[in-house]
Amino acid sequence: MGRIREFFWRSAFFPRKLSFTREGKIVVLISIGLGIAAVNTGNNLLYMVFGLSLALIIISGILSEANLRGLECQPLKSRRMVARRQTPVALKVVCRRKRFPAFSIEAWPLFDDPGMTVEPARFLELRPGRDGTAACSMGFPHRGEFELRGMVLSTAFPFSFFRKSVVVPAPASVLVHPAIHPVESEAASLARSGEDEHRPVAGRGLEFFGVRDYREGDNPRHILHRQSASRQSQVVREFEDMGSRSLSVLLVNATSGGSGGAGPVEDAVEEAASLAVHYLEAGEQVGLVTGSGSVTPGSGPAQSERILDCLATLPVLLTDVPGLREIARRVRPPDDGARVVWVTARDDGGSVG
Amino acid sequence: MMRFDRLHRGVSALTVLIGFAVLYLSGEFSTAIMGGACAALFTGPFVHRFFVRRSASISTNVVVVLTGIVAGYQAFATGNFLYYTILYAVFLGAVKSLMLRRGGDFMQLYALSFLHVVAGAVINPGLSFGVAMFPYVVCLTLSLMLTNLRRGIEDNLGADHDPTGERVELNLARKDLIRPGFLTVTVGITAAVFLISLVFFFLFPRMGLGFFATQSRFGIAMTGFSDTVTLGDFGNIIEDPEVVMRVKFDGRPTTTPLRMRGQSLDEYDGKSWRKTTRRLRGLNMDSKARYRVDNNEMRLDDLDPVVQEIYLEPMVGTPRVLFGLPNPVGFKRPSSSFAALRPTKWRFYMDDAHDVSVTGPPRSSIVYTVYSVQQSREPERMRSTERVYSDLINSIYNQLPATQPRIKALARRMAGDGAHPFDAAGAIERALKDEYQYALNSVHGEEDPLADFLFRNRQGHCEYFASAMVVLLRHIGIPSRIVNGFYGGEANEYGGYVYLRKADAHSWVEVWFPGVGWVTFDPTPPVALDLRMNRSWWRTVTDAVDNVKLWWYRWVVEYDLEQQVEFVAGLFRLLDRRDKGAFSESGLRWKDFKKLKHRLKALPWGKWALSVVAIVALLIGIRWLVLRRRRSSPAVLCRPQDPAVKAYRTMLKLLARRGLARKDSETQVEFLGRVVLQLPDAAHPARELTWAYLRAAYSSTGPAADAAETEATLQSLRQSLASGQTSP
């Protein structure tokens with residue numbers, strides 16, 4: 001039954017989707033019973049009540065159809081969501097009718113994934129020629145790219161016997177970022193405490209790094225005159241390279257197919273996303289290196305989106321142990337001396353290494 | 001504007017109340033029961049918060065289950081399943097009305113109310129059901145729509161996660177929820193529901209398979225018209241105003257009082273009258289489908305009969321006696337082109353006393369036509385009749401119980417010695433009228449009530465007067481019999497008919513005159529009859545109500561397949577007024593359908609042509625519906641597809657043709673990396689197109705990509721792919 005319903009909902013051949021409410025099922029059952037009773041007994045008053053029940057059903061069908069006419073729904077604006085979290089999205093519906101208002105309208109985006117939870121946006125009344133905006137809440141079961149089939153406009157008006165829905169095609173994709181968790185203080189402090197692989201190098205920057213002999217082309221303003229005098233040769237001040245202030249999250253997005261399947265890698269992805277967001281919010285430059293691609297270090301909200309976009313569609317590589325080693329070798333820290341945070345998959349979940 | 005919650009609860013209460021009223025007006029349920037249910041209905045709005053408590057809810061459920069068990073037990077014990085089932089449904093409705101909190105509760109209440117109305121349809125076929133239906137449709141429609149709105153509000157406010165319900169209640173108390181637009185739509189919907197209900201009612205085929213029961217009405221309880229009538233029976237019904245018969249005259253002015261003869265009784269045992277002439281024979285039908293009572297050679301039309309169309313209510317406890325003016329000569333069922341559709345064949349029978357009865361369903365009304373000829377009572381002609389009676393007449397109509405000398409003496413005194421039977425009958429009639437008094441509640445001795453009436457009490461109602469006259473006449477050897485029927489009636493100005501009530505039940509006398517037949521005499525004092533026919537001040541109202549009631553019974557309660565076909569034929573006639581060629585002048589007949597069918601069948605390729613026309617019409621209809629739907633279907637407020645998205649999809653196709661397809665597990669950026677590695681010549685345009693796509697697909701802000709620029713990049717990619725080499 002569920003499959004048939006699913007087919008019915010996905011099928012473009014049936015643009016109108018009709019489903020019974022609990023009350024609707026009762027009304028239909030009562031009507032069938034009344035019809036049988038009326039035909040059997042020939043009692044005209046039963047025919048009259050039977051006629052009333054049929055009239056209610058027919059009017060319900062006609063009015064629900066009329067109630068959906070002349071409505072326009074704004075497509076989904078937000079194209080980035082977060083997995084496993086109900087995200088409210090504003091939906092706008094316009095009533096293009098000239099005379100009669102539309103009542104009890106619900107709207108929501110229709111995705112192909114059956115695991116999605118959607119709380120529709122509800123409009124009690126849409127007056128003719130006006131529009132309304134209401135919040136729709138969506139929950140994605142996992143990260144990834146979700147195909148939006150269209151926008152659904154639905155109504156149980158006028159009697160709540162049936163729910164008639166129309167899927168208006170509006171194909172689009174929504175990128176669902178991995179869920180972000182609060183970063184455990186222990187994991188965060190590991191990166192700061194120096195136990196990570198922090199190798200400062202000289203370069204452009206503001207922080208003092210060391211002293212060296214003057215070379216042609218050095219900025220004369222960096223010459224340390226007192227020390228040059230004592231050494232009898234010109235020395236200049238050297239600065240720590242900015243790259244050494246950045247942090248790279250190294251994620252091995254592969255598993256040898258343990259008992260947890262892809263689950264541990266998914267946990268690791270969420271861990272990596274959480275760490276990246278945490279450090280970015282702390283004002284650091286964060287990059288991402290995975291077995292399937294990398295994001296160069298950067299800072300700010302745009303970098304956060306870049307990293308999360310990458311993590312959203314990061315494949316989970318299933319391989320044997322040698323393959324796993326090969327992938328782990330590919331995930332190597334950059335040569336710019338940036339600090340690194342290792343996130344690997346374990347059978348019992350992600351870990352920071 | 002009223003507060004939404006108050007309006008909703010008020011309309012819901014009214015809906016349920018109408019359901020209760022339909023049941024109450026059936027007379028099956030006591031005032032105490034229905035009063036209690038109504039009290040619960042109106043207490044509900046004040047106590048529903050109490051039932052939120054878990055303990056109260058559990059207690060209520062326990063009470064409901066226990067009551068169900070008791071009702072079930074009672075139903076089995078008494079065998080009255082219908083009564084106890086309905087009673088339990090009333091109880092459930094009353095309980096539910098105390099617990100109305102959420103939209104779902106209201107819907108359950110309406111379902112119960114609908115069941116109450118269904119039960120009312122079974123036990124209350126009266127006009128009160130029809131009167132209640134209109135407000136019920138209005139209230140039910142409005143209630144359902146308000147509940148729909150309420151559920152929308154509850155869902156919006158997340159009532160599922162609001163155990164106290166305070167937030168929802170606050171919102172439901174708003175006055176601005178119902179706008180004039182909502183009320184306008186409601187009125188329109190109510191009208192539509194009503195109209196469609198009527199269409200269904202009149203057009204739904206009355207197949208009447210009757211597996212379990214047949215269509216019937218509760219008959220009027222009537223005494224005095226069975227084969228045995230105990231003296232005094234009429235006294236019980238003489239004040240009952242229920243209408244039992246309606247008479248319409250064909251082309252003659254309606255005059256009252258009417259004397260509608262029913263059946264005669266011949267044998268008297270001192271306490272009750274009995275019919276001994278029970279042998280029945282079927283009546284012969286003439287060329288106009290009229291059943292002749294006598295074997296007169298004259299044509300019925302030549303007798304210049306008074307034609308009466310009679311609508312006779314079903315009666316309980318009586319054989320199907322047909323009433324009509326005295327001296328009936330013919331009977332007829334209403335003419336119909338579709339008489340063959342009648343489920344039951346009605347047959348007219350006449351017994352040896354020339355009383356006519358009919359076979360048919362005992363609990364349905366009868367509509368029939370009676371042809372009666374007026375009696376000739378010219379004294380000269382009557383006095384010229386013979387005094388000699390046949391043995392058969394003597395044996396039946398001069399029968400007496402143990403003769404009492406004082407009654408015989410009284411008869412002789414009243415009639416006068418040696419008078420002609422006509423004069424003797426007239427004298428006794430006058431004497432009874434003059435010397436005795438009409439009284440409804442007089443008490444007579446059980447041993448010999450008639451002697452008590454004649455010699456001690458000297459007052460009684462029509463049965464005593466008629467019985468006394470028959471016994472007196474038989475004591476002096478004049479054959480006579482008592483006749484029961486109705487006398488009186490009131491003209492209904494709205495319907496153009498005369499209606500007779502149970503209170504008009506009457507007994508009188510028929511005296512046999514050889515060569516003339518049975519002649520009517522009525523010894524009951526006319527003053528009494530005039531008193532009985534007194535009108536109440538609201539006669540106009542009752543006339544109108546009776547007219548509506550007649551319409552209700554004929555067109556709703558007793559609406560059958562025959563009437564249905566007549567109704568449809570009438571519609572055809574209306575539509576077909578301009579072209580009478582296809583059907584007869586008198587309208588559509590059953591045989592016309594057959595004729596049309598045969599004509600169509602006879603046409604060469606007629607069936608195929610018809611099929612093709614039907615299919616083409618169907619296709620045109622579907623096409624029209626689809627186009628209409630498309631024109632007004634809901635739409636998405638969507639900017640035209642972004643050129644970047646379009647271009648990226650084209651790029652994917654182009655690359656796939658070169659053997660470089662994007663994998664499902666690959667992100668756009670990863671795929672770009674592969675393109676750069678394997679098709680270095682196409683790297684630049686591919687990068688441009690990929691980033692343009694990512695901006696369009698995942699960025700909610702910013703302008704759409706420039707179409708010309710994107711097209712140029714795509715063109716560049718095509719050229720690169722055409723000239724470039726794939727890296728290994």
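In helix 7 of chain A, the residues A:Gln303, A:Ser304, A:Ile307, A:Leu308, A:Asp309, A:Cys310, A:Leu311 and A:Ala312 are buried, where buried means under 20% relative accessible area, exposed over 50% and partly exposed in between (1.4 Å probe, protein chains only). The model is predicted, so local features need pLDDT of at least 70 and side-chain atom pairs count only at pLDDT 80 or more, whereas totals for chains, interfaces and linings use all residues. Residues are numbered from 1 along each chain as its sequence is written, chains are lettered from A and ligands numbered from 1 in the order in which they are written, and side-chain values use heavy atoms, with hydrogens and water left out.

**Helix geometry**
- Helix 7 of chain A covers residues 300–312, and its 13 residues should span 18 Å at 1.5 Å a residue; the expected span is 1.5 Å times one less than the number of residues.

**Chain B overall**
- Chain B has 24 helices and 23 strands, taken as DSSP runs numbered from the N terminus (helices H or I, at least four residues; strands E, at least two).
- Of the 728 residues in chain B, 47% are buried.
- Among contacts in chain B with a separation of 6 or more, 74% involve residues 24 or more positions apart; contact means heavy atoms within 4.5 Å.
- Chain B has an accessible surface of about 36600 Å², 59% of which belongs to carbon and sulfur atoms, by the Shrake-Rupley method with a 1.4 Å probe.

**Aromatic pairs**
- Over all chains there are 33 aromatic pairs, counted for rings of Phe, Tyr and Trp (its six-membered ring) with centres within 6.5 Å; planes under 30 degrees apart are stacked, over 60 edge-to-face and the rest tilted.
- B:Phe323 and B:Phe486 form an edge-to-face pair, because their ring centres are 5.2 Å apart and their planes stand at 65°.
- This pair joins distant parts of the chain, 163 residues apart: B:Phe323 lies in the loop between strand 11 (315–316) and strand 12 (328–332) of chain B, and B:Phe486 in strand 18 (residues 480–488) of chain B.
- B:Phe323 is buried at 1% relative accessibility, and B:Phe486 is buried at 0%.
- B:Phe513 and B:Phe521 make a tilted pair, with centres 6.4 Å apart and planes at 45°; both residues are buried.
- In chain A, ring pairs link A:Phe20, A:Phe159, A:Phe161 and A:Phe162 into a cluster.

**Charges over rings**
- The charged end of B:Arg290 sits over the ring of B:Tyr371, 5.4 Å from its centre; this requires NZ of Lys or CZ of Arg within 6 Å of the ring centre and within 35 degrees of the ring normal.
- B:Arg458 lies over the face of B:Tyr436, 4.5 Å from the ring centre.
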